[in-house]
Amino acid sequence: VALEAVAVAAAAALRLPAAAVASDRAARRLFVQLARHQGWRDAGLLARRCGVGRWEVGHLARQPAPGLEAARLCLGDERLLTSIPRPITKTA
């Protein structure tokens, strides 16, 4: 799953725009946890996407993230993902 799709899904679960993962703490926390759930482990990449340091990504990953199940459902809703620009994909 593309990282931008994760951002869109996390923000949509909170009824926010995808850009909110860089400004809203709840959206950032949900983004980090959903990304990790989808196999994204590069803390530096996640930190750059949401505008925080690597340490903060680790901190956010350990906090409870209400809405994770809703974000997972949003990730499966193609209607939310139709306007995503060029995806960032993980490398092996």
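In this tour, a residue counts as buried when its relative accessible area is under 20%, and as exposed when that area is over 50%. By that cut-off Cys74, with a relative accessible area of 14%, is buried. Please keep in mind that this is a predicted model.

**Stop 1: the whole chain**

Colour by secondary structure to begin. The protein chain has five helices and zero strands, and reading along the sequence gives the pattern α-α-α-α-α. Of its 92 residues, 42% count as buried.

**Stop 2: the core**

Now select Leu3, Val6, Phe31, Leu34, Trp40 and Leu46, and show their side chains. These are the residues with the most contacts inside the largest nonpolar core, which has 27 residues. Which helices supply at least two residues each of this core? They are H1 (3–13), H2 (25–37), H3 (43–50), H4 (54–62) and H5 (68–75).

Centre the view on Val6 next. Setting aside neighbours within four places in sequence, Val6 is in contact with Val1, Phe31, Leu34, Ala35, Gln38, Trp40 and Leu75.

**Stop 3: helix H1**

Select H1 and colour by accessibility. This helix is mostly covered, with nine of its 11 residues buried. The buried residues are Leu3, Glu4, Ala5, Val6, Ala7, Val8, Ala9, Ala10 and Ala11. Where do they pack? The buried residues of H1 pack against H2, H3 and H5.

**Stop 4: Arg15**

Step just past the end of H1 to Arg15, where phi takes a positive value of about 60°. Arg15 sits in the loop between H1 and H2. Is Arg15 buried or exposed? Its relative accessibility is 79%, so Arg15 counts as exposed.

**Stop 5: H2 against H5**

Hide everything but H2 and H5. Two packed helices are described by the angle between their axes and the distance between the axes. For this pair, the axes come within 10 Å and cross at roughly 65°, and H2 passes H5 in a right-handed crossing. The residues of this contact divide into five nonpolar, two polar and one charged. To see them, select Leu30, Gln33, Leu34 and His37 on the H2 side, which meet Leu68, Ala71, Arg72 and Leu75 on the H5 side.

**Stop 6: two cysteines**

Select Cys50 and Cys74. Cys50 is buried, with a relative accessible area of 0%, and Cys74 is buried too, at 14%. A disulfide is a covalent bond between the sulfur atoms of two cysteines. How many disulfides does a search of the whole structure find? The search finds zero.

**Stop 7**

Finish at Glu78, in the segment after H5. With a relative accessible area of 65%, over the 50% cut-off, Glu78 is exposed. Now draw a distance from the C-alpha atom of Glu78 to that of Ala5: the two residues are 73 residues apart along the chain, and these atoms are separated by 9.7 Å. Ala5 is one of the buried residues of H1, which brings you back to the helix from Stop 3.

How values were computed. Residues are numbered from 1 along each chain as its sequence is written. This is a predicted model: local features need pLDDT of at least 70, side-chain atom pairs count only at pLDDT 80 or more; totals for chains, interfaces and linings use all residues. Side-chain values use heavy atoms; hydrogens and water are left out. A nonpolar core is a set of buried Ala, Val, Leu, Ile, Met, Phe, Trp, Tyr and Cys residues joined through side-chain atoms within 4.5 Å. Buried means under 20% relative accessible area, exposed over 50%, partly exposed in between (1.4 Å probe, protein chains only). Helices (H or I, at least four residues) and strands (E, at least two) are DSSP runs, numbered from the N terminus. Contact means heavy atoms within 4.5 Å. A disulfide is a pair of cysteine sulfur atoms within 2.5 Å. Axes are lines fitted to C-alpha atoms, for helices over the stretch in contact, and angles run from 0 to 180 degrees between N-to-C directions. A crossing is left-handed if the near helix is turned anticlockwise from the far one by less than a right angle, and right-handed if clockwise. Ala, Val, Leu, Ile, Met, Phe, Trp, Tyr, Cys and Pro count as nonpolar, Asp, Glu, Lys and Arg as charged, and the others, Gly among them, as polar.
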